[in-house]
Amino acid sequence: MLGALWLAGTNAFALAIPWLLKLAIEGLQRPATAQHAPSYYALMIITAALLQGIIRIFSRTTLLHAGRRIEFALREELYARLLTLDLPYFQRERTGDILSRFSNDLTNIRMLMGFGVLNVINTLILYIAAIVLMLRLSPILTICALLPFPVTILVVKRLSATMYRRSIRAQEELARLTSRAEESVSAAVVVRAYCREEGETDSFRTVSSSYLDSNMQMARLRGMMIPIMAATGAMGTLIILFIGGSRVISGELTLGDFVAFNGYLAMLVWPTLMLGWILNLMQRGAASMARLNGVLNARPTVTEPAAPADVGEIGGEIEFRNLSFSYAADSAMVLQNISLLIGKGTKIGIVGAIGSGKSTLARLIPRLYPVPDETILIDGTDINCLPLARLRDAIGFVPQESFLFSRTIGDNIAFGRDGAGEEEIAAAARVASLDQDIERFPAGLQTLVGERGVTLSGGQKQRVSIARALLKDPQILILDDPLSAVDARTEEAILRDLESYYAGRTVLIVSHRLSAVRGCDTIIVLDQGRIVEQGSHGELLALNGRYAAIHREQQLREEIERF
Amino acid sequence: MHFGGLYEDEIVGKAYDRRLMARFLRYVAPYRKLAVVVLAILPLAAGAKLAQPWLMKLAIDNHLIKGEMTGLPLLATGFLGLILAESLLTFAEVWLLQHMGQKVMFDLRMELFSHLQRLPVRFFDRTPTGSLVTRLTSDVEVLGEMFAAGIITVVGDIMVLAGIVGIMLWMNLKLSLVTFSVLPVLVWIAFTFRKRMRTAYRQVRARLANLNSFLNESIHGMAVVQLFNRQKTEQQEFTRLNADYRDANLPVITWDASLYAMVEALSSVAIGLIVWYGGGEIVRGNLSFGALVAFIQYIEKFFSPIRDLSSKYSVMQGAMAALERIFHLLDTEKDEMGTDLISTHQNRSVPISTIDFRDVWFAYNNDDYVLKGLNLTLRRGEKVAMVGETGGGKTTVTRLLSRFYEVSRGSIAIDGTDIRELSLHGLRRRIGVVLQDPFLFTGTIRFNISLGNPGAESRVEVAARIVGADRFIRRLPLGFDEEVREKGSNLSAGERQLISFARAVAFDPEILVLDEATASVDTASERLIQEGLKGLMAGRTTLVVAHRLSTIRDADRIVVIHRGEKVEEGSHEELMAQQGLYYRLYQLQFRD
Ligand SMILES: Nc1ncnc2c1ncn2[C@@H]1O[C@H](COP(=O)(O)OP(=O)(O)OP(=O)(O)O)[C@@H](O)[C@H]1O
Ligand SMILES: Nc1ncnc2c1ncn2[C@@H]1O[C@H](COP(=O)(O)OP(=O)(O)OP(=O)(O)O)[C@@H](O)[C@H]1O
Ligand SMILES: [Mg+2]
Ligand SMILES: [Mg+2]
C-alpha cells in the first residue's frame with residue numbers, strides 16, 4: 001500500500017518536470033512576459049528531480065522488499081509444511097523436485113510479487129492518466145483507438161493459457177534436472193567405482209536438453225507476446241491516422257488536438273509492452289504457484305489424533321492386535337495378522353530373513369507410516385489416539401541405516417535433547433562404545449561429520465546413532481539391526497553396557513545375528529510378514545524350527561572353523 | 001541456535017573480477033553469429049519504430065494540413081507494413097536472444113556437470129550436495145536472466161550513446177560540456193555501486209547455497225527429525241538461513257533502486273542545468289532558442305540508453321557473482337584420469353597377478369594418519385579378509401585400492417606398476433566394489449544392477465541368482481523391471497545390499513572388493529551367497545571386509561587391522577594359534 005503511494009508520488013513528479021520544462025521554454029521564448037528567470041525554473045527542475053529520485057528509491061525498495069518478504073514468508077510456510085509431512089510423502093516425491101520448488105518456483109513468484117506488482121501499478125497509473133486525457137479530447141477517437149485492445153486481449157488470453165501449460169512443463173523439467181543433479185552428486189562414489197561418469201553425463205544431458213527445449217518454446221511464446229502488444233499500440237495509431245485524419249480534414253477535429261491525441265496514444269505504448277511482460281510473469285508465477293500449492297496442500301496420512309487420549313507417563317507396554325500392513329493400498333501385504341504383547345520392561349528380539357518385515361514392524365510403532373486403528377496399543381491406548389509428539393518422545397529409535405546430519409558429533413548425539421550437557425553426551429557415547437573413537441579425533445565431540453556422516457566409518461556412524469537414541473532416555477527403545485557394522489568386541493561391549501541401561505525399559509531389537517537377541521525375554525521369528533515362531537532362546541531351540549536352524553547354521557560354521 | 005559447519009558456504013570472488021567477462025565471452029563465442037544477427041536486427045527494429053512517427057508527420061504535413069485524402073491510404077499501408085516489420089523483428093530479436101541464452105546456459109551446465117564427474121571423492125566429503133545442486137541450477141539460471149534482460153542490447157545502447165555524444169558535441173560544445181558535467185557523478189555512482197552490489201550478490205549466492213544444503217539434508221533426514229521431535233529447532237535454523245538469504249537480498253534492491261533513481265534524477269538535473277545555462281546564453285544572445293530546445297531533446301535521448309544500461313546493471317552484477325561461483329567450481333582440480341590406452345592394463349587377457357600395498361600411509365586430513373605403514377600383498381585367485389575393530393581403517397584400504405583417494409606415502413602397485421600410473425578407468429573397471437553403504441538410483445532394478453553397462457546388462461539375471469537376490473526380485477510384481485525409488489527407499493536394507501552386491505558381480509571384475517557386503521543379510525541368504533560366489537571367485541582376487549567372522553572362514557589369509565596398522569596376518573588356524581586379537585574376536589563371537 002505504502003509502495004503504491006510512493007509510486008503515485010513518483011509519477012506525479014514525472015509529470016511535473018515536463019510541465020516545468022514547458023513553462024521554462026515558454027518563458028525563454030517570450031522573455032518579456034516571463035514570470036520568472038530561467039534560473040528559477042532550472043532550480044525548480046533540479047529540486048523536483050532530486051525529490052523524485054528520493055521518492056523513487058522509496059517506492060522501488062518498498063515494493064521489491066515486499067516481494068522478498070513474501071518470498072521469505074512463503075518459504076517459511078513451505079518448510080513448516082514439509083515438517084508435518086510423513087514418510088509416504090517423501091518417498092513419493094523426489095528430493096530434487098522439492099528443492100526446485102523451494103528455489104526456482106519461489107523465484108518466479110517473487111518476480112511476480114516484486115517487479116510484477118511494481119509494474120502493474122505503474123502501468124495502471126499511466127493507462128488511467130492517458131485514457132482520461134484522451135477522453136477529454138475526443139471520446140469517439142478514444143474508443144476507436146482502443147478498438148484493437150479487445151482483440152489483443154483475446155489473442156493474449158489464448159497465448160497465456162499455452163504459456164501457463166508450457167511454464168508448468170518447464171518447471172517440471174527443471175525439477176527433473178535438479179533431481180538428476182542431486183542424485184548424481186549423492187552417488188559420486190558409486191559413479192566412480194563403476195566408471196559411470198559418461199553415463200551420468202549422458203543422462204544429465206538428456207534432462208538438460210528437454211529443459212532446454214521447453215525453455216525454447218517458452219522463449220518463442222515470450223517473443224510473440226511482446227511484439228503483439230507493441231503492434232496493438234501501433235494499430236491504434238493507424239486507426240487514429242485514418243479516422244482522426246478524415247475528421248481533421250472534414251474540420252471536426254483541430255490539428256492540434258490530433259497531434260496531442262497521438263502523443264497520448266504514444267504514452268500508452270510502453271505500458272502496453274510492459275503489460276505483455278507482466279502477463280508472461282503472471283503465467284509463470286501462476287504455474288509455479290500451482291506447484292507450490294502441491295506442497296502447501298499436501299496433507300500427511302499420519303495425523304495428530306482428533307481427540308487425543310489423556311494419558312499420563314507412558315509406561316512402555318506395547319501390544320500388536322492383529323496388525324496387517326501394506327505400503328500402498330494396491331501392493332502386497334508386508335505384515336499379516338501380527339498379534340503380540342510386549343510387557344513393560346521386557347526385551348523382545350526380532351529375527352527373520354531379509355524383506356520379512358522386521359523394519360516395517362519397528363517403523364510402525366513411532367507411526368512413521370499410517371497404522372490402522374486399534375492395531376498397535378501402548379499401555380492399552382491406541383497409538384493413533386496419542387499425540388504424535390508424546391508418542392515419539394517416549395521412543396528411542398535407531399534406524400537400520402544411520403542418518404547423521406552434517407553437524408558436529410556432539411550435536412548429532414544431542415539431537416534428541418536440546419541443551420544436553422557435555423557430561424550426558426559423553427555418557428551416552430560411552431554406552432555406545434563411542435568414547436574411544438571420539439578421543440582419537442583431534443576435535444573430539446566438536447568433530448564435524450560430512451553430509452550423512454560420510455567422514456565417519458560405518459561402525460562409528462551406527463554408534464553415533466545409538467548414542468543419539470540413548471541420550472533421549474526413552475521408555476521404549478527400538479533398535480533396528482543396530483550392530484550390523486560393528487565388530488564382535490564392540491558388539492559385546494555395547495550389549496553389556498546396554499544391559500544395565502535397559503533396566504525397566506521396553507526394548508525391541510532387530511538383528512540378523514543371534515548374539516544380539518539371544519538374551520531377550522522373547523524372540524519372534526518373522527517370515528513374509530507373519531510371526532512363525534515365538535519364545536525365549538531356549539524355547540525356540542527346543543522347538544527345533546527356523547530359529548534353531550539359524551542357530552545351528554551359525555554354530556555349524558563355528559564347528560567347521562574349529563578344525 | 002547456530003549449527004555452523006557445512007551450511008556455511010564459502011564466498012568466492014574478487015580474484016575473478018577482471019577475467020570474468022572475457023572468460024564468459026568464450027561461452028558466447030560459438031553463438032557469435034546469432035549475436036551478430038541480433039545486433040543487425042536491433043537498428044532495423046529501431047528504424048521501423050522510429051519511421052512510424054515520421055510517416056505520421058508526413059501524413060499531417062502533406063495530407064491533413066492540405067486536406068488531401070489521396071495518398072493517405074498508401075501512407076497507411078506503409079504504416080501497417082512498418083508495424084508488421086517492427087513486430088516481426090522484435091520477435092526475432094527476443095527469440096534469438098533467449099535462444100542464445102538458453103544454449104549458453106546449457107553448455108555451461110553440461111560443462112559444470114561433466115566437471116563434477118571428474119572431481120575426486122574427497123571433494124564430495126566436504127561439499128554439501130545442496131550447494132552443488134544450486135550451482136547446477138539456480139546459479140546457471142541467473143545467467144538466463146541476464147540474457148532475458150537483453151544483455152546484447154547493451155552493445156547497441158553503448159553505440160547509440162556514442163553517436164548521441166558525437167552529435168551533441170558537434171551541435172554545441174559548451175552546452176554539451178554543461179550536460180556532461182553530471183557524467184562524473186554517474187560514473188562514480190556506477191563504480192561504487194558495482195563494488196557493493198557485487199559483494200551483496202556474492203552473499204546472496206552463498207546464502208542460497210546454504211539454504212539449499214540445509215533443506216536437502218532436512219528432506220533426507222526428515223524421519224530422524226520427526227522421530228526426535230526436532231521440528232521446532234529445525235524450523236528455527238531454517239528461519240535463520242532463510243532470513244539471512246532475505247537480508248542479503250535487501251541491500252541489492254536498495255542499491256539497484258538508488259542507481260535507477262539517480263540516473264533518472266540526473267537526467268532531469270542535466271536539463272535543469274541546461275535551462276539555467278542556456279537561458280542565460282539566450283538572454284545574452286549567444287544561443288538561438290531553437291538550438292536550446294533541440295538540445296534538450298537530445299539530452300532526453302542521451303539519457304535513454306543510460307537508463308537502459310542502469311536497469312540491467314544489477315542483473316549483470318548478479319550474473320557476475322553467479323559466474324564467479326561457477327568458474328570457481330570449474331577451477332577446482334579434477335582427478336587426473338590418466339591415459340594408458342596402451343591397453344596392457346585394459347586388456348583382460350593379461351590378468352593381474354599381484355597387488356602390493358607397500359608401506360602405505362594415509363590421512364584424510366592433514367597428518368591425522370588413518371593408515372600407518374600398511375604392507376599387504378594380494379595374489380591372483382586369493383581370498384584375503386580384513387577384520388578388526390570398527391574405525392580401524394579397513395574401508396580406507398579398499399578406497400585407496402580404487403584410488404578414490406591417493407595414498408599420502410608409500411605406494412600401491414599392480415604387477416609392479418604404481419596404480420597412479422594407470423588410467424583411472426582402466427583400474428576401476430577391473431575392480432568390483434560392494435560399498436559399505438549401498439547406493440541405489442531411481443530406475444528399475446535391472447538398471448541398478450547393470451548401471452546401463454552393455455556387458456553387465458547381459459549378466460543381470462545371472463548375477464542376481466549368484467547373490468540370491470533373484471528370490472525376492474521374482475516376488476515383485478514387475479520382477480527386474482520393478483521401479484526403485486530414490487535411494488532405494490521402497491526396498492528393505494538387505495534387499496538394497498543384495499542389489500548392490502549383484503551389481504559388482506554383474507560387472508564381472510577381476511578383483512572383487514566386498515566391504516561388509518553381507519552385513520544386513522540373514523544367515524541363510526549369506527550361505528547362499530557364499531556358495532554362489534565360490535565358482536565365481538575362482539581365479540579372481542577377493543578382498544573381503546567383514547565383522548561377521550563366519551563370512552571369512554574360507555579366506556586364504558586373514559589380516560587384522562587395528563588403528564591403521566596390520567597387527568596380525570595368517571590363516572584362520574595360524575591366527576587362532578597366536579591367541580591374539582583375532583582369537584579374542586573369534587571367542588567373543590562364538591562363545592556359547
Ligand atoms: N571421508 C573421510 N574423511 C575423514 N575421515 C574419515 C573419512 N572416512 C573415514 N574416516 C576416518 O578414518 C578412520 C577409518 O575409517 P574406515 O572407514 O576406514 O574404518 P573401518 O575400518 O572401515 O571401520 P568400520 O568397520 O566401522 O566400517 C575412522 O576414524 C574414520 O573416522
Ligand atoms: N517404503 C516402502 N514402500 C514399499 N515397499 C517397501 C517399503 N519399505 C519396504 N518395503 C518392502 O516391504 C518388505 C519388508 O521390508 P522391511 O524393510 O520391513 O524388511 P526387513 O525385514 O527389515 O528386511 P531387512 O532384513 O533386509 O532389513 C520388503 O519386501 C520391502 O521390499
Ligand atoms: Mg530392515
Ligand atoms: Mg568400513
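Biologist: Which residues come nearest to ligand 1?

Modeller: This is a predicted model, and in it 22 residues sit around ligand 1. S457(A), G459(A), Q460(A), T395(B) and T396(B) come nearest.

Biologist: And where does ligand 1 lie relative to the chains?

Modeller: Between chains A and B. Helix 15 (458-471) of chain A and helix 12 (394-401) of chain B each give at least two residues to the shell around ligand 1.

Biologist: Which helix supplies the largest share of the shell around ligand 1?

Modeller: Helix 12 of chain B, with 4 residues.

Biologist: How much of ligand 1 does the protein bury?

Modeller: The protein buries 93% of the 630 Å² that ligand 1 exposes when taken alone.

Biologist: How does the shell around ligand 1 split by class?

Modeller: You get 6 nonpolar, 13 polar and 3 charged residues.

Biologist: OK, on to the other one. Which residues are closest to ligand 2?

Modeller: The closest are S359(A), T360(A), S492(B), G494(B) and E495(B), out of 22 residues that surround ligand 2.

Biologist: Why do you call that site shared between chains?

Modeller: Because the residues that surround ligand 2 come from chains A and B. At the level of helices, helix 10 (358-364) of chain A and helix 17 (493-506) of chain B each supply at least two residues of the shell around ligand 2. Helix 10 of chain A has the largest share of that shell, 4 residues.

Biologist: What about polar distances to the oxygen atoms of ligand 2?

Modeller: From chain A, a polar side-chain atom of T360(A) is 2.4 Å from an oxygen atom of ligand 2. From chain B, S492(B) has a polar side-chain atom 2.6 Å from an oxygen atom of ligand 2. G494(B) uses its backbone: a polar backbone atom there is 2.7 Å from an oxygen atom of ligand 2.

Biologist: And how much of the accessible area of ligand 2 does the protein cover?

Modeller: 90% of the 640 Å² that ligand 2 has on its own. As for class, the shell around ligand 2 has 7 nonpolar, 12 polar and 3 charged residues.

Biologist: Switching to the fold. In what order do the strands of the open sheet in chain B run?

Modeller: The order is 2-1-4-5, 4 strands with antiparallel pairing. Strand 2 and strand 5 of chain B are at the edges with a single partner strand each, so one side of each has no neighbour in the sheet.

Biologist: How many bridges join strand 1 to strand 2 of chain B?

Modeller: 7 bridges, between strand 1 (residues 354-363) and strand 2 (residues 369-379) of chain B, which run antiparallel. F362(B) has L371(B) in strand 2 as its bridge partner. The hairpin of these two strands has 5 residues between the strands, and N366(B) takes a positive phi near 40° there.

Biologist: And what joins strand 4 to strand 5 of chain B?

Modeller: 2 bridges, and the strands run antiparallel. I414(B) has T417(B) in strand 5 as its bridge partner.

Biologist: What about G416(B), buried or exposed?

Modeller: G416(B) is exposed, with a relative accessible area of 55%. G416(B) is in the loop between strand 4 (409-414) and strand 5 (417-418) of chain B. From M168(B), G416(B) is 248 residues away in sequence and 79 Å away in space, C-alpha to C-alpha.

Biologist: Last topic, domains. How is chain A divided?

Modeller: Into domain 1 (2-167 + 224-296) and domain 2 (318-562). The C-alpha centres of domain 1 and domain 2 of chain A are 62 Å apart.

Biologist: And what does the assignment give for chain B?

Modeller: Domain 1 (11-330) and domain 2 (440-508). Taken over C-alpha atoms, the centres of domain 1 and domain 2 of chain B are separated by 51 Å.

Technical notes: Residues numbered from 1 in each chain as written. Chains lettered and ligands numbered in written order. Predicted model: local features only at pLDDT ≥ 70, side-chain atom pairs only at ≥ 80, totals over all residues. Heavy atoms only, no water. Domains from an automatic or database assignment. Pairing = 2+ DSSP bridges. Near = heavy atom within 4 Å. Polar contact = N/O pair within 3.5 Å; in protein donor to acceptor, adjacent residues only side chain to side chain. Areas by Shrake-Rupley, 256 points an atom, 1.4 Å probe, with all protein chains shown as cover. Nonpolar A, V, L, I, M, F, W, Y, C, P; charged D, E, K, R; others polar. Buried < 20%, exposed > 50% of the residue type's maximum accessible area, 1.4 Å probe, protein only.
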